[in-house]
Amino acid sequence: MRDTDVAGESAADVLDRAGFSPQLQLIIERFLAGVVLDPALHSDAAFVRSLVGYFVMGSPGIPAQGMTAIAEQLATPIRGHITVGVSVTSMTRSSDTWHLELSDGSERHADRVILAAGPWKNAELRGAPTPEALGLTTWWIAAPSAPSTHKFLYLDLRERPQLTNASVVSNVSPSYAPAGQHLLQATAIGAHGLSDAEAITATADLMQADPSQWRLLTRHDVPQSLPRIPPGGQTTTPAGPGLVIAGDHHHASIQGAMSSGADAARRAAQ
Ligand SMILES: Cc1cc2nc3c(=O)[nH]c(=O)nc-3n(C[C@H](O)[C@H](O)[C@H](O)COP(=O)(O)OP(=O)(O)OC[C@H]3O[C@@H](n4cnc5c(N)ncnc54)[C@H](O)[C@@H]3O)c2cc1C
């Protein structure tokens, strides 16, 4: 099947006519819900198919030093040219020049700007409409013993799922766990309404484990996790002169953000 065969359709539409058995379709839907953060899978079919392609081409992993290792690796060759710890509070253009005000009170002026502050901040800074945000909550739990040795995700396949997925993170990356313990994660997407206790009970049910010795380390609520990529793709207001927009707004993933960044660098250099 080519991209043109699914143009303008949602992933849910395409899955419905794919002919999977009901059980396999449920597994695929619940897995993909945790990838695009939408249980209804009302996301662009071509986008979701490209994500599936990445899963097929390689094994998902997490850096031993945490996700910031990716940014550190990208920043290392240009470290001397980067300022960190300040944010852009406004940007205006006059006389072919962009004027940026920074949170430390200083200003920057440039004929070209690459704006890569995430979809919502990008939109806010340039006064464009904000894309729909999809959110999640992740509970991080310490356990004295690992409920399993699996490196796989546990999917909540119940008729009324509470969680989207859970996993024993330290089976994949032991360095993420508190010393001498194991680290579990449980994730729920959207407006789940779960209390911490309910989330822990649901995790134990999924893993068929005893939670009495588990300890909640922290809970992350991230309402702006990913932009929705609607069927037909995300439309964005044209950037205008001297401005290039980079990020995951067209392909909600690290891969999409990095590829957009490389493209932005090429365009800004022209
Ligand atoms: C919990 C969670 C789990 C995820 N898991 C995965 C996954 O497993 N695989 C995957 O592919 N993707 C995953 N994603 C999505 C992925 O993280 C994003 O798609 C990607 O980080 C987007 O990159 P970006 O550069 O567009 O934006 P961001 O990574 O958000 O980077 C924007 C940067 O701009 C900075 N910034 C913001 N405002 C300003 C300002 N005013 N001035 C200056 N700087 C500013 C921010 O501090 C930040 O450093 C996940 C996201 C979340 C929230």
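Residues are numbered from 1 along each chain as its sequence is written. Because the model is predicted, local features need pLDDT of at least 70 and side-chain atom pairs count only at pLDDT 80 or more, while totals for chains, interfaces and linings use all residues.

**Overall build**

The protein chain has eight helices and 10 strands. Both are DSSP runs, numbered from the N terminus: helices are H or I with at least four residues, strands are E with at least two. The C-alpha trace spans about 65 × 50 × 35 Å along its principal axes. Of the 270 residues, 26% are buried. A residue is buried if 20 or more other C-beta atoms lie within 10 Å of its own, exposed if 12 or fewer, and partly exposed in between, with C-beta atoms placed from the backbone. Among contacts between residues at least 6 apart in sequence, 59% join residues at least 24 apart. Contact here means that the C-beta atoms of two residues, placed from the backbone, lie within 7 Å.

**Domains**

The chain is divided into three domains, with bounds from an automatic or database domain assignment.

| Domain | Residues |
|---|---|
| domain 1 | 3-57 |
| domain 2 | 68-132 + 230-269 |
| domain 3 | 133-227 |

The centres of domain 1 and domain 3, taken over C-alpha atoms, are separated by 23 Å. Their contact takes 10 residues from domain 1 and 14 residues from domain 3. On the domain 1 side, seven residues are nonpolar, one is polar and two are charged. In this scheme Ala, Val, Leu, Ile, Met, Phe, Trp, Tyr, Cys and Pro count as nonpolar, Asp, Glu, Lys and Arg as charged, and the others, Gly among them, as polar.

**The open sheet**

Five strands form an open sheet, in the order β6-β7-β8-β5-β9, with antiparallel pairing. Two strands pair if DSSP finds at least two bridges between them. β6 (154-155) and β9 (215-227) stand at the edges with a single partner strand each, so one side of each has no neighbour in the sheet. Strand β5 (residues 133-143) pairs with β9 over nine bridges, in the antiparallel sense. In that pair, T138 stands opposite H220 in β9.

**A hairpin**

Strands β1 and β2 form a hairpin with two residues between them. S95, in the turn, has a positive phi of about 50°. Six bridges join β1 to β2 (residues 97-102), and the two run antiparallel. M91 stands opposite L100 in β2. Strand β1 (residues 88-94) is hardly covered: among its seven residues, the count of buried ones is zero.

**Around the ligand**

The ligand has 17 residues around it, and S87, G118, G247, S253 and A257 come nearest. A residue is near if its C-beta atom, placed from the backbone, lies within 6 Å. By class, the shell has nine nonpolar, six polar and two charged residues. Domain 2 and domain 3 each give at least three residues to this shell. β9 and α8 (254-269) each supply at least two.

**S260 in α8**

Residue S260 is found in helix α8. Is S260 buried or partly exposed? S260 counts as partly exposed, because 19 C-beta neighbours lie inside 10 Å. Leaving out residues up to four places away in sequence, S260 touches A246, G247, D248 and H250. The C-alpha atoms of S260 and V244 are separated by 10 Å, and the two residues are 16 apart along the chain.
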